[in-house]
Amino acid sequence: MLAFIKEVCEIKSMNSSGREEVSTLEIRHDPLTGRKARINVTRAKRPHVVTALAENEGEATENNMCIFCEERWDETLQRFAEEGIGGKKGRIIVGSGKSKVVLVPNKYPFAKNHTIVVLGGNHETRISRIHKQTWINAFLAIRKYYECLTSKHGRQYIYINLNFMHPAGASIEHPHMQVVCEDSVLYAHHLLIEASKKFRKKHGKCYWNLLRKEDKERFAGSGDYFDFVCSFAPVANAETYGIGKRKPLDGHTKEEVKKMASDFFRMLRAYENAGFKSMNATIMFPLTTKEAEALPVFARFIVRPDPKPHYTCDRGFIEIFHEEPVIHILPEELAEKLSKLL
Ligand SMILES: [Zn+2]
């Protein structure tokens with residue numbers, strides 16, 4: 001029922017000394033949507049050199065403190081204009097000490113309800129240095145915000161997102177998440193829901209259940225909340241899916257939200273331990289129980305080039321205009337690696 005279709009091509013070329021070289025390219029079709037990914041297997045198999053991160057790399061000092069460092073929160077962060085969100089201060093603060101987080105409106109929003117959650121007051125550039133409790137507090141702050149928002153404006157789609165480090169699109173290095181709430185579903189989420197419904201109609205089974213049970217080759221492990229499966233036809237390097245529970249965010253207990261946060265952190269830390277330094281992640285939530293039947297709570301993680309002054313961007317014409325990403329990390333090898341690190 002799960003059709004893992006790939007076309008394999010061998011591409012010959014000559015290197016600078018005149019020796020013939022063969023590259024193996026796999027064109028894979030996503031089993032649910034048919035979207036194509038191009039995996040250069042030869043490139044995936046080349047040796048990787050992972051440099052250790054310097055202990056104090058990127059830390060802010062008193063002189064270069066960024067706008068998300070706690071000492072500057074008061075003077076730099078936005079506040080909610082709407083009464084009833086974030087109390088008197090207009091900010092949602094959860095936790096204390098090193099794991100204190102603050103959720104505020106995004107100063108430059110690209111959605112009607114677009115907020116940011118600063119992940120602790122310390123300027124960290126490594127995932128593993130952000131405490132687990134900080135991630136939990138961030139998710140609890142998001143839950144609190146969502147409750148406030150929906151009690152005022154009705155139910156909304158919610159997306160929890162992360163751009164970690166500048167190659168991933170972070171304009172401010174200090175770790176933070178971004179939360180987008182919208183009346184209507186976002187485009188990619190809509191396509192996934194529709195394709196999932198179609199699959200169920202055709203095969204009488206849930207695609208996501210099949211995937212987490214049957215895709216042994218790319219199964220990376222189970223956490224307390226998510227089952228992690230590496231994508232067969234990734235949208236970017238090292239894409240992993242987190243398949244969660246079948247309910248909207250407001251149907252989750254506080255304990256379930258804490259487990260979701262811990263698993264989110266667990267996957268990001270596994271990526272870091274695998275040598276990746278910059279990543280994107282998102283969690284999409286169904287709006288209704290009916291929608292959750294088609295697509296459960298769904299997380300996606302990818303990695304980006306290492307942050308360095310002259311890195312090569314991983315989005316070129318083929319990714320942007322033709323929407324067929326070129327991949328150089330083999331999903332099967334990634335799954336094997338992550339399964340040991342999760
Ligand atoms: Zn900072």
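Are Tyr271 and Phe276 buried or exposed? Tyr271 is buried, and Phe276 is buried too. Here buried means under 20% relative accessible area, exposed over 50% and partly exposed in between, with a 1.4 Å probe and protein chains only.

This is a predicted model, in which local features need pLDDT of at least 70, side-chain atom pairs count only at pLDDT 80 or more, and totals for chains, interfaces and linings use all residues. Residues are numbered from 1 along each chain as its sequence is written, and side-chain values use heavy atoms, with hydrogens and water left out.

View 1. The whole structure holds 16 aromatic pairs. Rings of Phe, Tyr and Trp (its six-membered ring) pair if their centres lie within 6.5 Å; planes under 30 degrees apart are stacked, over 60 edge-to-face, and the rest tilted. Phe264 and Phe301 form a tilted pair, because their ring centres are 5.5 Å apart and their planes stand at 45°. This pair links distant parts of the chain: Phe264 lies in helix 6 and Phe301 in strand 13, 37 residues apart. Helices (H or I, at least four residues) and strands (E, at least two) are DSSP runs, numbered from the N terminus. Both Phe264 and Phe301 are buried. Tyr271 and Phe276 have ring centres 5.9 Å apart and planes at 70°, so their pair is edge-to-face.

**View 2. The buried side of helix 9.** Helix 9 spans residues 331–341. Its buried residues are Pro331, Glu332, Leu334, Ala335 and Leu338. They lie on the same side of helix 9 because they cover an arc of only 155° around the axis; the arc is that of the directions from the helix axis to the C-beta atoms. The packing partners of these residues include strand 2 (20–29), strand 3 (36–40) and helix 6 (254–273). Contact means heavy atoms within 4.5 Å.

**View 3. Helix 5 and its neighbours.** In helix 5 (residues 207–214), Tyr207, Trp208, Leu210, Leu211 and Arg212 are buried. They pack against several elements, among them helix 4 (187–203), helix 7 (289–294) and strand 13 (298–303).

**View 4. Two loop residues with positive phi.** Met165 is in the loop between strand 7 (157–164) and strand 8 (176–182). Its phi is near 75°, positive in a residue other than glycine. Met165 is buried, with a relative accessible area of 6%. Ala238 is in the loop between strand 10 and strand 11. Phi of Ala238 is near 60°, again positive in a residue other than glycine. Ala238 is buried, at a relative accessible area of 2%.
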